[in-house]
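Hi,

Here is the structure I promised to pass on. Have a look at it first, and my notes follow just below.

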Amino acid sequence: MCQAEREASKIVQKAREFRTKRVKEARDEAKNEIASYKSQKEEEFKKFEAEHSQGNQQAEDEANKEAEKQIQLIKEAGKKSQAGVVKNLLAAVLEAKPQPAVRA
């Protein structure tokens, strides 16, 4: 092999090494950019979620308060008419009036 071929082979070898090194560096840079972008987007999502979940929590609290009011009204109505309902039930049970079955 002549001197020129050896020099050319060294140049080609160095170029391959440089290219391999540069590809690895580019891959590492891309991974870092992806990790940074992912981190940024996760922070944005957490911020968005925190802002919007507060609104949901407030709506849920208001709905719970309204439900409690309705339950209280129903309980009060039940207490007011409880004696009458029990009286009617007892009367219906104790004063049974059997009727013949109607056939269709």
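Glu29 forms a salt bridge with Arg22, and their closest N and O atoms are 3.6 Å apart (a salt bridge is a side-chain nitrogen of Lys or Arg within 4 Å of a carboxyl oxygen of Asp or Glu).

Please keep in mind that this is a predicted model, where local features need pLDDT of at least 70 and side-chain atom pairs count only at pLDDT 80 or more, while totals for chains, interfaces and linings use all residues. Residues are numbered from 1 along each chain as its sequence is written, and side-chain values use heavy atoms, leaving out hydrogens and water.

Arg22 also forms a salt bridge with Glu25, at 3.4 Å between the closest N and O atoms, so Arg22, Glu25 and Glu29 are linked in a network of salt bridges. Arg22 is partly exposed at 36% relative accessibility, and Glu25 is partly exposed at 33%.

The whole structure has 3 salt bridges. One of them joins Lys41 to Glu44, with the closest N and O atoms 3.2 Å apart. Lys41 and Glu44 are 3 residues apart in helix α1, so about one helical turn separates them (helices are DSSP runs of H or I, at least four residues, and strands are runs of E, at least two, numbered from the N terminus). Lys41 is partly exposed at 36% relative accessible area, as is Glu44 at 37%.

Best wishes

Definitions and conventions:
Buried < 20%, exposed > 50% of the residue type's maximum accessible area, 1.4 Å probe, protein only.
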